[in-house]
Amino acid sequence: MNTPQKFRIAIGTILCIALVSLTFKAVPIAQNLDDFFAEEMYRVTYRFFFKTNDGHTSVKTYLPKNNSRQRITHEVQDMARTMVFEKKADENNLKGVWVTAKKDSYESIDYQFTFEGKARVFALPESFGRSVKAHSKYLSPSKYIQSDHPKLKALAARLTQDTAWDRKRVQNLFNFVREIPSAPIITLTDALTVLERNKASCSGKSRLLVALARGMGFPARIKGGIILQESNKRTSHVWAEININGQWIPFDALNGHFAYLPANYLELYEGDEFLITRSPGLQFDYSYEIKKENKIPFLRTSASQFNSISPISLWGLVESKLISMESLLLLLMLPVGGLLVAFLRNVVGLRTFGVFLPVLIAFSLLETGFTTGMLLFMFLILFVGIISRPFNQMGLLHTPKLVISLTLMVVVMAVGSYLGVITGVGWLTSLTFFPTIILTISAERFSTLIVEDGFHKATGTLFQTLIAVSFCFFMLSSKWLPSILILFPEILLVIIAMAMLLGRYIGLRWTEILRFKPLLTFKLS
């Protein structure tokens, strides 16, 4: 058997193993495909503890409903048999009501559901339409939202004077409320009190923003819910919504979300209401138990549920906490990124700092952000190259000179981070331990190339490396690719087969075709 036959057999065997395993998983996965594409998944439990009164005892709370950005499934509850539960419509809201006639007894209620959510970003037009009749309720003042008070009306007029466009008017109102100092005020605070005290919690800021918007003729209301994070918590959250051309747009002045709602915001009710109400004089306590689930974006199941459907995946490693999600993704994405860099080197003809270093640099950019990371990367690498020149003239040996250059780079990063903390400039503090290590390795490689090939050629290799880094970054930024690799580790076998095929490539590189195009054209003619 000759070498080409052995090569084909090896390729065929690897691909057959991968194909059989992928086919084995195809049926259960096809049955659980989902077009909702949730970004976050949590298991939420309402826990209520109380001692019943001598007579009729009731506990009421708002329950979540499905909408375009959140889905509620797997609702279950645990309560005493003597307790009656009922869901009731309350205008546009849904209320859960628990009632018992049992006297002087300690009771508990667990109401549990699964939340799947995705973020929503809204694009606002410059000018808004007006529909006073349809939204008169959301233009009128209320007990805690005094939109007709002279102080609030004057403030709204002052913030929007000389502003031609509605979007800018709303932005000015939002910015003013956002800049009010935040404080965990547990007492009920109305809009006017927030303005007078210049301090508020989420509810106070939201009431003030709604009051200012109504004063300007924009229909507005309060929206309530819970910010979901893995914890046991007692705090809920409220934000404002403004009706713009028939659509309710969210504005969270406390957390700075302008026309944006994050994926972990659980929406529960509309209006300036209390999330929980109960019988008067009741001894009562409560908490929200929130557990984060690993969500597979294109499947209806969580990662833990998928293990019962198809045990051949790597989700079990994450669920059992044998390895962190970040570490597993780094391990899985390295071969994929390495294959991409190998293609860019062997077929396209780019010169890069090794094969896996561009992939690691791309990983570091995921923490710093692409634009900020690329600018920092270029500055620090070129900084090392420039400061190494004076040491060349001193006749220092390469290794000590490299230590000096890298030490100066670390000093620059440390000073930059310190200035970022003092000045509040976020991008200066974006370098964490992992990106620092990658930048240090890259700087060492660049310094070595300067000695071996000269500054001009080393700089060319640097910019070609940045091209490869850009390709790797946008590949690693995919929301689906990590989940696909964890679900289908057999893809690594496909990568091996593709790398073997790439290893037999002996054709011209694309850059060589461009370089020798005039010669090729002359030869053909």
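Searching the whole structure turns up zero disulfides, a disulfide being a pair of cysteine sulfur atoms within 2.5 Å. The model is a predicted one, in which local features need pLDDT of at least 70 and side-chain atom pairs count only at pLDDT 80 or more, while totals for chains, interfaces and linings use all residues. Residues are numbered from 1 along each chain as its sequence is written, and side-chain values use heavy atoms, with hydrogens and water left out.

C16 is partly exposed, its relative accessible area being 48%, whereas C202 comes out as buried at 14%. Here buried means under 20% relative accessible area, exposed means over 50%, and partly exposed lies in between, with a 1.4 Å probe and protein chains only.

On the strand side, β1 (residues 40-51) has two partners to look at. It runs antiparallel to β6 (residues 106-117), to which twelve bridges join it, and it also pairs with β16 (residues 283-293), again in the antiparallel sense, over eleven bridges. Strands count as paired if DSSP finds at least two bridges between them; strands (E, at least two residues) and helices (H or I, at least four) are DSSP runs, numbered from the N terminus.

H74, with a phi of about 50°, sits in strand β3 (residues 70-78) and is partly exposed at 45% relative accessible area. E91 has a phi of about 55°; it belongs to the loop between β4 (83-90) and β5 (93-100) and is exposed, at 66%.

Then there is a helix pair. Packed helices are described by the angle and the distance between their axes. For α8 (residues 325-348) and α13 (residues 455-476), the axes come within 10 Å and cross at roughly 145°. Axes are lines fitted to C-alpha atoms, for helices over the stretch in contact, and angles run from 0 to 180 degrees between N-to-C directions. The crossing of α8 and α13 is right-handed, that is, the near helix is turned clockwise from the far one by less than a right angle. On α8, the contact (heavy atoms within 4.5 Å) involves M333, V336, G337, L340, V341 and L344, and on α13 it involves A468, F471, C472, M475 and L476. By class, that makes ten nonpolar residues, one polar and no charged ones. Nonpolar covers Ala, Val, Leu, Ile, Met, Phe, Trp, Tyr, Cys and Pro, charged covers Asp, Glu, Lys and Arg, and the others, Gly among them, are polar.
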